[in-house]
Amino acid sequence: MERIVFRHMYNFLHFNNLIYRKQSSFLPGHSTTYQPIDIYNQICKAFDTTCMVFCDISKTFDRVWHKGLIHKVHQYGINKNLLNWLNSYLCNRTKTGFVGSDFSSPKPLKTGVPQGLVLALFYFLSTLTI
């Protein structure tokens, strides 16, 4: 089910030009090696006139704000049924920690997307679109 939803959402973002044109990860046929090459090229071409800011977003998947992401996806034009499904996929999740054989009580997760799942990449891409 996730793969079907991901393909639908990816096609929607792609055909409506909602994916940042220089996005180079998490997309078919793209590689993260493009970014350093592009940055190096830009520095060499405009060394005296360019100002750059570099951001390292640590724990990116863990910090995606659920309500903001759902709002943004809704603004893209995603219909109500799929939007509700995506919302239920993200919200009301819990986490439990453990040390040795001792487990904590479940705590609600208000941010972050499940890592390792197909839709986690869509959620991450949605936060990067402009």
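User: How do the axes of α1 and α4 cross?
Analyst: This is a predicted model. In it, the axes of α1 and α4 come within 13 Å and cross at roughly 125°.

User: Which handedness does the crossing of α1 and α4 have?
Analyst: The crossing of α1 and α4 is left-handed.

User: And why are α1 and α4 called oblique?
Analyst: Their angle is roughly 125°. Angles over 145 degrees count as roughly antiparallel and 65 to 115 as roughly perpendicular, with the rest oblique, and α1 and α4 are therefore oblique to each other.

User: Which residues in α1 and α4 meet?
Analyst: From α1, the residues are Glu 2, Val 5, His 8 and Met 9, and they meet Leu 82, Trp 85, Leu 86 and Tyr 89 in α4. By residue class, this contact of α1 with α4 divides into 6 nonpolar, 1 polar and 1 charged.

User: Moving on to the largest nonpolar core: which residues touch the most other members?
Analyst: The largest nonpolar core has 20 residues, and those touching the most other members are Val 5, Met 9, Val 73, Ile 78, Leu 82, Leu 86 and Leu 119. Two or more residues of this core come from each of α1 (2–15), α3 (66–75) and α4. In soluble globular proteins, nonpolar side chains tend to be buried together.

User: What is Ile 78 in contact with, leaving aside neighbours within four places in sequence?
Analyst: With those neighbours left aside, Ile 78 has contacts to Met 9, Phe 12, Val 73 and Leu 83.

User: Which residues in α3 are buried?
Analyst: The buried residues in α3 include His 66 and Gly 68, together with Leu 69, Ile 70 and Val 73.

User: What about the backbone just after α3?
Analyst: Gly 77 is found there, and its phi is positive, at about 105°.

User: Which residue has a positive phi although it is not a glycine?
Analyst: Asn 92 does, with a phi of about 60°. Most residues other than glycine have a negative phi. Asn 92 belongs to the loop between α4 and β1.

User: Is Asn 92 buried or exposed?
Analyst: Asn 92 has a relative accessible area of 79%. The cut-off for exposed is over 50%, so Asn 92 is exposed.

User: Where does Cys 91 lie, then?
Analyst: Cys 91 is also in the loop between α4 (80–90) and β1 (94–95). Its relative accessible area is 22%, so Cys 91 is partly exposed. Its C-alpha atom is separated by 7.7 Å from that of Leu 109, 18 residues apart along the chain.

Terms used. Residues are numbered from 1 along each chain as its sequence is written. This is a predicted model: local features need pLDDT of at least 70, side-chain atom pairs count only at pLDDT 80 or more; totals for chains, interfaces and linings use all residues. Side-chain values use heavy atoms; hydrogens and water are left out. Helices (H or I, at least four residues) and strands (E, at least two) are DSSP runs, numbered from the N terminus. Buried means under 20% relative accessible area, exposed over 50%, partly exposed in between (1.4 Å probe, protein chains only). A nonpolar core is a set of buried Ala, Val, Leu, Ile, Met, Phe, Trp, Tyr and Cys residues joined through side-chain atoms within 4.5 Å. Contact means heavy atoms within 4.5 Å. Axes are lines fitted to C-alpha atoms, for helices over the stretch in contact, and angles run from 0 to 180 degrees between N-to-C directions. Angles under 35 degrees count as roughly parallel, over 145 as roughly antiparallel, 65 to 115 as roughly perpendicular and the rest as oblique. A crossing is left-handed if the near helix is turned anticlockwise from the far one by less than a right angle, and right-handed if clockwise. Ala, Val, Leu, Ile, Met, Phe, Trp, Tyr, Cys and Pro count as nonpolar, Asp, Glu, Lys and Arg as charged, and the others, Gly among them, as polar.
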